[in-house]
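Dear colleague,

Please find the structure below. My notes on the metal site and the charged contacts follow it.

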Amino acid sequence: MRRGTVSIPYIKGISETLMRLYRSKGIQCQFKPINTIRRNLVAPKDKIKKLERSGTVYHIPCADCPATYVGESERPLSARLQEHKRPSYVSSPVVQHVAKQKHKIDWDNVKVLDQDSDWFSRGVREAIQIRRQRSTLNRDRGRHYLKPVYDCLLSRDNQHQVT
Ligand SMILES: [Zn+2]
């Protein structure tokens, strides 16, 4: 894949809009079938492999309440999770939740929701997942602002979970 090209899952109603968004940034956009992504992302059940993955959009659930957090990182997931486990990392909403509520985080059920090595498209994927998961610990809606029009597209398309 040459630079300036992204490959995104085809999700009816969302992908067309995303393609226009990418094009406006001068990025060519290809669609790939969802089952390819499912194979790439879901097949490795091995927990170690999950933690080694880079460029992920990840999901952290609280063990004691329905609160969840969605984040993204270009680094291996394990390195990013270590930061969210560090009490001194007070800018993390996860750390703040633990400190304020005295809750435990369900680290065994951290999920990788999506993966993209490209900084820009990973930000878009993160913003989509924050909306989809209705992540309550996210103070903002990710570093990529999705216009409110996406809300109805995403809720209409909830049954088409990518992973
Ligand atoms: Zn909680």
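How many disulfides does a search of the whole structure find? The search finds zero, a disulfide being a pair of cysteine sulfur atoms within 2.5 Å.

This is a predicted model, in which local features need pLDDT of at least 70 and side-chain atom pairs count only at pLDDT 80 or more, while totals for chains, interfaces and linings use all residues. Residues are numbered from 1 along each chain as its sequence is written, and side-chain values use heavy atoms, with hydrogens and water left out.

Cys62 (SG), Cys65 (SG), His97 (NE2) and His103 (ND1) coordinate the zinc ion at 2.0 to 2.3 Å. Donors here are N, O and S atoms within 2.8 Å of the metal (3.2 Å for Na, K and Ca); water is not among the atoms, so sites may look incomplete. The spacing of the donor residues in sequence is C-x2-C-x31-H-x5-H. Cys62 is buried, at 8% relative accessibility, and His97 is buried at 10%, whereas Cys65 is partly exposed at 23%. Buried means under 20% relative accessible area, exposed over 50%, and partly exposed in between (1.4 Å probe, protein chains only).

The structure contains five salt bridges, each a side-chain nitrogen of Lys or Arg within 4 Å of a carboxyl oxygen of Asp or Glu. One of them joins Glu72 and Arg122 (2.7 Å, N to O), and both residues are buried. Glu83 pairs with Arg75 at 3.1 Å and with Arg80 at 2.3 Å. Through shared partners, Arg75, Arg80 and Glu83 form one network.

Yours sincerely
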